[in-house]
Amino acid sequence: MIRHVEEIIKQPAAHWVGNGFRVSQYFPRRRPAHFFDRISPFILLDYNARVLFKGTQSLVGVGPHPHRGFETVTFAFEGKVAHHDNQGNQGVIGPGDLQWMSAGAGILHKEYHEADYAKEDRIFHMIQLWVNLPAKDKMTEPRYQPITKEEVTKRPFLGGQILIYAGIVLGEKGPAKTFSPMNIYKVELDSGATLSLEEPAHHNLALLVIEGQVSLNDDLLDNGDFALMKNEKGSFTLEGKAPSSQVFVLSGEPLNEPVIAGGPFVMNTEEELRQAYDDYNSGGFGSHDF
Ligand code: MN
């Protein structure tokens, strides 16, 4: 049985986030509100395709800003991102690393190109994914998981490998702790290599090509193409069509809860969203000076 493609989304025009991230937003931007149901527990996908940045002495990125009710997950493929939050967590991630920040009840953080790295002309390539929290965990204590490329689980196959960040793929478990069931991984394939995978039929499932070109079942996907899969039992098959291809895969059990999103907050009700703004505006998230 085959798990079929439901929709292919071409790479959207990029926009700036701060002065350091030039991202194509596949969702939620310009997608109908019910798309949240098709992609839950994921709520936002910003893809910074390869961009050449010129060396600078200035800060490049996004200054202190709040989040509540979900998780921000940053995957670095090329380049270095420095992260600080007002819970005292900080770290730099480089190629192959990721950081998984659970904002929970509320956090302030800032994200910049690492300062020394920013001084040179450089290629920057990354993903930021927002993962929703179940209603019962929205006000959980903030948590920060830095995960190095060495800690990412590797599962080789003929002509490629799977890098498993979260969940279980072909019996191998990824390092990230999650609040709901999900499998997040990247498939790397040489030209001609093939891989068939199956995900639970009730999981929402989507793939993004971040390098090269692949076939997905009968469709040819280029770098930047995003495929949403139908919710049905069956396997999907990737084949490398370029010397080196990479496909980022998101598979997750839908939360089946209302998504009320506003700016940097994602809650379940309008009242909770208002409360988030009230708490932030009254200083409840703490000082911006960290
Ligand atoms: Mn943020």
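Visitor: What is the volume of the largest pocket?

Guide: The volume of the largest pocket is about 400 Å³. A pocket is found on a 1 Å grid over the protein atoms alone, as an open set of points where a 1.4 Å probe fits, with protein on both sides within 12 Å along at least five of seven lines. Its volume is the space filled by probe spheres set on those points, which are joined across faces, edges and corners. The model is predicted, so local features need pLDDT of at least 70 and side-chain atom pairs pLDDT 80 or more, while totals for chains, interfaces and linings use all residues. Residues are numbered from 1 along each chain as its sequence is written, and side-chain values use heavy atoms, without hydrogens or water.

The lining of the largest pocket consists of 21 residues, a lining residue being one with an atom within 4 Å of a point. Nearest the centre lie Leu-44, Asp-46, His-67, Gln-128 and Trp-130. Two or more lining residues come from each of strands E3 (21–27), E4 (42–53), E5 (61–67), E11 (122–132) and E25 (260–262). Such strands are DSSP runs (E) of at least two residues, numbered from the N terminus. By class, 13 lining residues are nonpolar, six polar and two charged. Here Ala, Val, Leu, Ile, Met, Phe, Trp, Tyr, Cys and Pro count as nonpolar, Asp, Glu, Lys and Arg as charged, and the others, Gly among them, as polar.

Together with His-65 and His-109, His-67 is a protein donor of the manganese ion, each through its NE2 atom, at 2.1 to 2.2 Å. Donors are N, O and S atoms within 2.8 Å of the metal (3.2 Å for Na, K and Ca); water is not among the atoms, so sites may look incomplete. Along the sequence the donor residues follow the spacing H-x1-H-x41-H. His-67 counts as buried, because its relative accessibility is 3%, and His-65 is buried as well, at 17%. Buried means under 20% relative accessible area, exposed over 50%, and partly exposed in between, with a 1.4 Å probe and protein chains only.

For comparison, the second largest pocket holds about 150 Å³ of space. Among its 17 lining residues, Phe-77, Gly-96, Leu-163, Tyr-165 and Lys-186 lie nearest the centre. Its lining divides into six nonpolar, four polar and seven charged residues. Strand E6 gives the most to this lining, with four residues.
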